[in-house]
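Please have the sequence and the structure open while reading.

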Amino acid sequence: MEKEIEGWVALRLVPGVEKVFFKRLMDHFGSFQAVFSTDEEQLRKVEGIGGKIAGEIHAFDWKWVLEREMTEFRKLDIRLVSLHDAGYPTFWRRSMILHP
């Protein structure tokens with residue numbers, strides 16, 4: 001699960017990929033690895049993803065950026081959790097369920 005969360009972080013760091021596009025990309029490709037390994041033409045098949053964002057995703061050095069971010073998280077003792085983790089705050093989980 002940790003690698004999956006790290007992949008989500010990497011995808012959200014791509015310029016122009018906000019939560020709506022993030023969800024559409026994950027729904028379409030199924031994993032962050034698939035998103036980052038596909039070509040621009042396939043990326044443009046996702047609703048709302050045009051040439052600019054497809055180019056940003058395709059050119060994004062996600063491994064380097066992710067390593068930089070994860071290093072900072074470790075320095076600051078930040079632990080990443082997803083909605084499915086037992087450590088995810090109950091209040092926020094309820095908020096996400098009530099307001100997707």
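## Salt bridges in the model

In this predicted model, the count of salt bridges comes to 5. Among them is the pair of Arg24 and Glu47, whose closest N and O atoms are 3.8 Å apart. This pair links distant parts of the chain, since Arg24 belongs to helix α2 (residues 19–29) while Glu47 sits in the loop between α4 (40–43) and α5 (51–59), and the two are 23 residues apart. The pair counts as a salt bridge because its nitrogen–oxygen distance of 3.8 Å is within the 4 Å cut-off. As for accessibility, Arg24 is partly exposed, with a relative accessible area of 29%, whereas Glu47 is exposed, with a relative accessible area of 59%.

## Two further charged pairs

Arg74 and Glu67 are joined through their side chains by a salt bridge of 3.2 Å, taken from N to O. Arg74 counts as exposed at 51% relative accessibility, because the cut-off for exposed is over 50%, and Glu67, with a relative accessible area of 45%, is partly exposed.

Another salt bridge, with an N to O distance of 3.1 Å, brings together the side chains of Glu69 and Arg68.

## A positive phi at Asp77

Asp77 is not a glycine, and yet its backbone has a positive phi of about 55°. Where does Asp77 lie? Asp77 is found in the loop between α6 (62–75) and α7 (90–98). With a relative accessible area of 72%, Asp77 is exposed, so the residue falls in the class defined by values over 50%.

## Burial in helix α5

Turning to α5, the residues Ile53, Ala54, Gly55 and Ile57 are buried in this helix, which means that each has a relative accessible area under 20%. What covers the buried residues of α5? The elements that cover them include α2, α3 (32–37) and α4.

Key:
Residues numbered from 1 in each chain as written. Predicted model: local features only at pLDDT ≥ 70, side-chain atom pairs only at ≥ 80, totals over all residues. Heavy atoms only, no water. Helix = DSSP H or I, 4+ residues; strand = E, 2+ residues; numbered from the N terminus. Buried < 20%, exposed > 50% of the residue type's maximum accessible area, 1.4 Å probe, protein only. Contact = heavy atoms within 4.5 Å.
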